[in-house]
Amino acid sequence: MPVTSFMERFLPAVTADRHDRLSSTNAFKHVPMRADNAARIYEPLFAALSKRTKFKSRCPDYVFDKTIDRSLRRSRLGYAKPHICCFPSQHLRKIQQASRLSRIELGYAELFIQVTSDPEADPFIDPSPDLGSDPLDGLDAHGFLRQFPDDNLYTETERSFGLHVAYVTEIFARQHRLFVFTVAMAGSFARFFRWDRSGCIVTQAFDIREQPDTFAEFFWRYSRLSDPERGHDWTVQRASPEQERLFRDTVKEYLGLQLEVTGEELDVALVTHYQPGHAAVVRVDTQESPPDDEEPHFFIVSRPVVTPLHLDGRSTRGYWAVNAKTKQVVFLKDTWRSYPTKEREGDTLRRLNELGVRNVPLLGVHGDVYHCIIGYRSAANQFSAEPWVSRINESKTSVSKRRHYRLVTQTVGSSLSSVRGTEELLYATYDILLAMKDALAKDSRIHRDLSVGNIILVKEPGRAIRRGYLIDWDASERVNDKGESLHAGRAGTWAFMSIRMLDMGGDRKKHTFKDDMEALLYVVFYCALFYLSHELSMWDLTRLNGDFFDRIEEFQGTYGGHGKEANALNRGHIDGVQFRSAGLKEWLETVMNYHAPPPGEQEKYKDMWDSDRLEAYWSHFLQTHTLERDDRCVHRVSRAAHFHAGSDSLGSNPSPSPRTPSSPKRDLDEVDSGNSKDRSAKRRRGRGVESTSPSLGAPEAEAYANALVCTPSHTTSRRSQRLRDRQERLQQAAASGSVTTYQAPAAASGHAGTRLPRKRSRK
């Protein structure tokens, strides 16, 4: 986007009075065009931006800070911080007094500046000035992504821009934001960015030494913007002390009833939902027109149980919330739904409730969120047809349309990952099967996103075992007369997708109810591996998890499922696990036989993979078996080989079970700049950044000493830690003398388990 168009569209000058703006004449003359390291760029840049007099400054009421100096590791994802951040003046002291271990900077940053030392280390390339705006002149055919023939330059650019994206992602996660402005410097050349949930708008580059007024004007105009104009969500406001106390006391009481705990255990469990001093009031409107005709609803929230760690997509946040008027505990989902869609999730839930579908949440209120600056929709997609929009990878730019949307349900529970034992796991997932069958029979609807995160456990009066509820119906769809979804394409969480949908061409297939049945089987197997007792070592569990749930292949498309296919053919995965519960082992083997009869038993299990037969078996199994109630045991995967099975669906991070009396892409810092043959090898990678591997995000784990709680890191461990982990495994194996070893099953097909070459794009 041309710089002048960007400024006029997003940072309009509301006044001609510039009495407090510092002169821009020669303001950035000490910033070199290129340098041998980034510090030689950001040091003079910081000095120029920080210059002020008694009455004038670059960005009145804001201050700049070299946050890079507070980084523990300046180029390592999860440790690095932006080179320069811009903060409201009143927050600077709090930030500077915080520990360097904290990430507080990105919780208060208004914008940041990320620097590379060379103008050629810019991932984008502008069209020639000779090109006009007429498509016939070739502007619309211009490729915006730079070609990198030099490996070292490619590495520097990939690392710097990757960190830039990571910082934006973290700001969205830590703040209530609709959009964020940032600045990228490549030598003395600057670009302005505006990020939202649909995408990013990038300006053409300009030299701040030759156009200092443009650069200075950006920051001065930014200081004149209101909170909503800078991207803050005006429908979220800080809670009063009285509202915060109401939230804390109400949630604590409800949590005690749900978890059946008191005292210190309850206080520690409360940390999952409440952070002192961090409570907010969220507005929910129930109509799409500007909210003037109907009284809005207000809900008090604090710590989310799920936070999006990705930029685009639905970017769902989920909270336990308290209705400010009725004082009822509810669940609030804040998301960016696809638009246009004929039916919103709340519309679907209302229909399922009216039809009497069992074990689905009870709808409270819902509605699209109206914002005074952007209306209902994200802004990036609104510019797709502009003449200045360039091509990416020789294709026209396509940006998704998103609408901000909030949904409140009256059914509130804990994630399935908090399951107490075998009994609760099999009873709760049986409840889910009933919900699936009801939705199909009464509304011709399939869920399409069965996952651990989309099942909650709710303690109800008169029932000893928590009931399972199937949540997150926004990916659901009606089926046609053939039992197929109306639209083709994969939907849901990669780790739990069926073999058929993961196979080559799965993105062109239509989902069926049996795909959901298969996903439910994998949910049970996953929970058994991570939350129940067995004898697999951490390293063997890591390999099984990677092979079965997380593996992604890339060759003429994206596909996977070979570990699941291998298990269906020869039970190579399930046979390698010795579960302590004989009943669980029996259930898993039987249902896997229903799904894919083993060799020699096809006739015995013919036509058994049917929802009615599965329900009949499951119901009879629960009636005739006494299952372990408190055999929870949380396992971890190795940080040295951490796999991700990300999801863009609503789900809670795994949390510990309540105590009962009887209970006992390559790292950005490791980018290879060596030989191209190694770089072309296909990598196993996670789908997104939200992990389905178990992790305790809060200190509550210590309150549950009866469970083996081992939490994997979501960042690559340091080399010293990896060595200690390896040594510990070797010592444990030597001491035990007998360690259950997981053996990867034979490949299910000729291409399973191979590492096919993938051409690395230089764009």
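Modeller: Let's start with a pair: helix 10 and helix 16 pack with their axes 11 Å apart, at an angle of about 150°. That angle makes helix 10 roughly antiparallel to helix 16. On this scale, under 35 degrees is roughly parallel, over 145 roughly antiparallel, 65 to 115 roughly perpendicular, and the rest oblique. The axes are lines fitted to C-alpha atoms, for helices over the stretch in contact, and the angles between N-to-C directions run from 0 to 180 degrees. Helix 10 passes helix 16 in a left-handed crossing (the near helix is turned anticlockwise from the far one by less than a right angle; clockwise would be right-handed). On the helix 10 side, the contact (heavy atoms within 4.5 Å) is made by Leu426, Tyr427, Thr429, Tyr430, Leu433, Leu434 and Lys437. Helix 16 brings residues including Trp618, Phe621 and Leu622 to that contact.

Before going on, some ground rules. This is a predicted model, where local features need pLDDT of at least 70 and side-chain atom pairs count only at pLDDT 80 or more, while totals for chains, interfaces and linings use all residues. Residues are numbered from 1 along each chain as its sequence is written, and side-chain values use heavy atoms, with hydrogens and water left out. Helices (H or I, at least four residues) and strands (E, at least two) are DSSP runs, numbered from the N terminus.

Now for helix 15, which has both helix 10 and helix 16 among its covers. Helix 15 has 14 residues, 582-595, and at 1.5 Å a residue it should span 20 Å; the expected span is 1.5 Å times one less than the number of residues.

How much of helix 15 is buried? Of its 14 residues, 11 are buried, which leaves the helix mostly covered. Buried means under 20% relative accessible area, exposed means over 50%, and partly exposed is in between (1.4 Å probe, protein chains only). Among the buried residues are Leu584, Trp587, Leu588, Val591, Met592 and His595, and those residues also meet helix 12. Their partners there are Glu518, Leu521, Tyr522, Val524, Phe525 and Ala528. The axes of helix 12 and helix 15 are 11 Å apart, at an angle of about 155°. Helix 12 is therefore roughly antiparallel to helix 15, and the crossing is left-handed. The cover over helix 15 also includes helix 11 (499-502) and helix 14 (562-570).

How does this fit into the whole chain? The protein chain has 18 helices and 23 strands, and buried residues make up 57% of its 763 residues. The chain exposes about 32,500 Å², with carbon and sulfur atoms supplying 49% of it; accessible areas come from the Shrake-Rupley method with a 1.4 Å probe, and for residues only the protein chains shown count as cover.

Two loop residues are also worth a look. Asp61 lies between helix 2 (39-50) and strand 1 (62-65) and has a positive phi of about 75°, although it is not a glycine. Asp472, in the loop between strand 18 (467-470) and strand 19 (477-478), has a positive phi near 60°. Asp61 is exposed because its relative accessible area is 58%, whereas Asp472 is buried at 2%.
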